[in-house]
Amino acid sequence: MTCSHYPINWLKIAKREQSQQTSSLWADEFVEKAGKKLSGLKRQLNEITSGGLPVALRKIRAVPIWILAFCFFVFIRLIKRIILVRFDFIIPSRIGHLLITPAIYLGHRQIGTNMPGQRYLDLFYLQRADAGFDHNWAANDFILKKIRKKMHFLPRFLLSRVAVINGKLGNTEHSIITKGLPCDIRDLDDVFCNTNPPLWFTTKEEAQGLEISSKMGLKEEKPFVCIYNRDNAYLAKVSPISNWDFYQYRNFPASDLLVVASTLIERGFDVVRMGSHVESKIKHLNPRIIEYCDSEFQSSFMDVFLSNRCTAFFGSDSGLTVIPEIFKKTVGICNTLPLSLLTTNYSKAIVLPKLLCEKATGRLLSIRESFEFEQKNSLDESIFASSEISYKFNSHEQLIDLVDETIARSQNTWVTTKDDEILQQRIWSHFDIDQIAARYNMTYHKTFRSTFSTLFLRKNKDWYLDPI
């Protein structure tokens with residue numbers, strides 16, 4: 001009960017209650033953080049208990065590194081007004097990440113976009129993507145060697161810890177990924193198509209590449225096309241502890257490459273079958289089809305050299321196709337799945353997806369139905385094994401059409417009609433950018449630069465010209 005001659009100070013009461021509430025929230029937050037620290041400490045003790053002395057020694061040896069990383073973090077915070085130090089990691093175990101991410105970064109740096117407005121120093125470290133790989137293992141040693149000459153790398157044991165400390169105590173201004181690069185490996189701004197390639201060859205390397213090419217049977221004046229089909233052999237070889245069968249839906253059989261190779265030979269080209277490890281070779285007797293894969297000539301250097309020297313590149317949507325894209329080569333990409341992740345942002349790509357169909361009747365799903373299926377299902381091989389929907393490899397006719405269009409576009413002899421332009425607009429209108437970006441939790445470019453196989457569009461209007 002309050003005496004009437006003591007007026008109530010509602011403002012003080014409100015402030016006191018707010019203070020108590022804030023203290024309570026702070027206390028709750030403190031307890032939560034303390035709980036997490038205790039939980040982390042308990043986990044560390046459990047690891048030492050189960051791992052014994054070797055684990056204990058390993059953790060003790062890491063203490064000075066963490067101290068050094070913290071000192072480095074404090075240092076870059078102190079000098080940030082003089083020079084901004086930023087850092088990020090590169091994934092070396094996949095060619096796509098190893099090459100595209102640096103290419104986008106170096107492209108932005110070359111033309112001055114997405115760069116800080118002050119003096120800066122960008123540092124990188126190598127970070128594995130899959131458990132089966134070592135952090136420093138590179139899918140292509142030659143590419144990594146060239147990238148190291150253009151970018152500053154520090155040891156992972158130091159810079160990765162600095163990144164962890166910055167994530168807890170710092171801010172995003174020191175992170176390149178949030179300021180200069182997209183969060184995936186898609187070239188959102190068409191940067192590396194309009195800047196100098198991050199890869200180059202010295203005079204000695206050029207001579208070495210030509211010498212090996214000659215031993216392979218390639219003549220310097222004779223045009224050749226590289227062909228490639230994705231299978232699981234490469235990943236099974238370099239990361240045998242993982243089961244890569246769930247990726248089977250992305251592959252297509254090497255036997256289908258024979259019709260591609262035969263068509264190219266008829267058109268006057270030699271053919272080089274690319275890859276480092278393959279499940280099966282092409283069965284043929286033609287000396288103009290060179291099985292470079294799994295041969296004595298195969299190397300990370302020649303993978304790059306041949307991709308640069310070829311007239312065009314024909315294959316599946318996989319990391320290896322990134323190399324000719326960097327060199328601005330025309331690339332024909334067949335048997336792509338899922339449709340939602342079709343290569344759409346490379347202006348010299350001609351793309352053709354696998355088509356989905358009903359197992360019982362063989363009826364092809366329309367493009368609208370295909371997108372609906374992909375939206376409802378996380379694609380892996382087991383989905384197609386258990387559902388009523390399967391996929392069809394591109395037919396030989398479709399492959400031959402794609403070869404002809406790829407070659408014609410690479411030689412600037414392809415003629416696009418007004419009707420073709422309308423068909424391209426119609427097919428890309430089915431791609432809902434926002435829906436795809438949300439489905440795969442990624443940043444997506446806003447324009448479509450690639451070409452959908454024009455000959456396919458002319459012959460298969462019923463597939464995609466349904467009501468939108």
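## Helices α7 and α10

The axes of helix α7 (residues 203-216) and helix α10 (residues 300-309) come within 10 Å of each other, crossing at roughly 85 degrees. That angle makes α7 roughly perpendicular to α10. The model is a predicted one.

On the α7 side, the contact is made by E205, E206, Q208, G209, L210, I212, S213 and M216. Their counterparts in α10 are F301, M302, F305, L306 and R309. By class, the residues of this contact divide into seven nonpolar, three polar and three charged.

## The three-stranded sheet

Three strands form an open sheet in the order β1-β2-β3, and their pairing is parallel. The edges are taken by β1 (84-90) and β3 (152-153), each with a single partner strand, so one side of each has no neighbour in the sheet.

Strand β2 (residues 120-126) pairs with β1 in the parallel sense over seven bridges. Within this part of the sheet, V85 stands opposite L121 in β2. Helix α5 (residues 156-169) lies across β1 and β2. The direction of α5 is at about 115 degrees to β2.

## The seven-stranded sheet

A second open sheet has seven strands, in the order β6-β5-β4-β7-β8-β9-β12, again with parallel pairing. Its edge strands are β6 (289-291) and β12 (451-452), each of which pairs on one side only.

Strand β8 (residues 330-336) and strand β9 (residues 349-353) are joined in the parallel sense by four bridges. Here G332 stands opposite I350 in β9.

## Cysteines

The structure holds zero disulfides. For C310, the closest cysteine sulfur is that of C226, at 4.2 Å. A disulfide requires the two sulfur atoms to be within 2.5 Å, so the sulfurs of C310 and C226 are too far apart for a bond.

Accessibility was computed for two of the cysteines, C310 and C71. C310 has 1% relative accessibility and therefore counts as buried. C71, at 46% relative accessibility, counts as partly exposed.

Methods. Residues are numbered from 1 along each chain as its sequence is written. This is a predicted model: local features need pLDDT of at least 70, side-chain atom pairs count only at pLDDT 80 or more; totals for chains, interfaces and linings use all residues. Side-chain values use heavy atoms; hydrogens and water are left out. Axes are lines fitted to C-alpha atoms, for helices over the stretch in contact, and angles run from 0 to 180 degrees between N-to-C directions. Helices (H or I, at least four residues) and strands (E, at least two) are DSSP runs, numbered from the N terminus. Angles under 35 degrees count as roughly parallel, over 145 as roughly antiparallel, 65 to 115 as roughly perpendicular and the rest as oblique. Contact means heavy atoms within 4.5 Å. Ala, Val, Leu, Ile, Met, Phe, Trp, Tyr, Cys and Pro count as nonpolar, Asp, Glu, Lys and Arg as charged, and the others, Gly among them, as polar. Buried means under 20% relative accessible area, exposed over 50%, partly exposed in between (1.4 Å probe, protein chains only). Two strands pair if DSSP finds at least two bridges between them.
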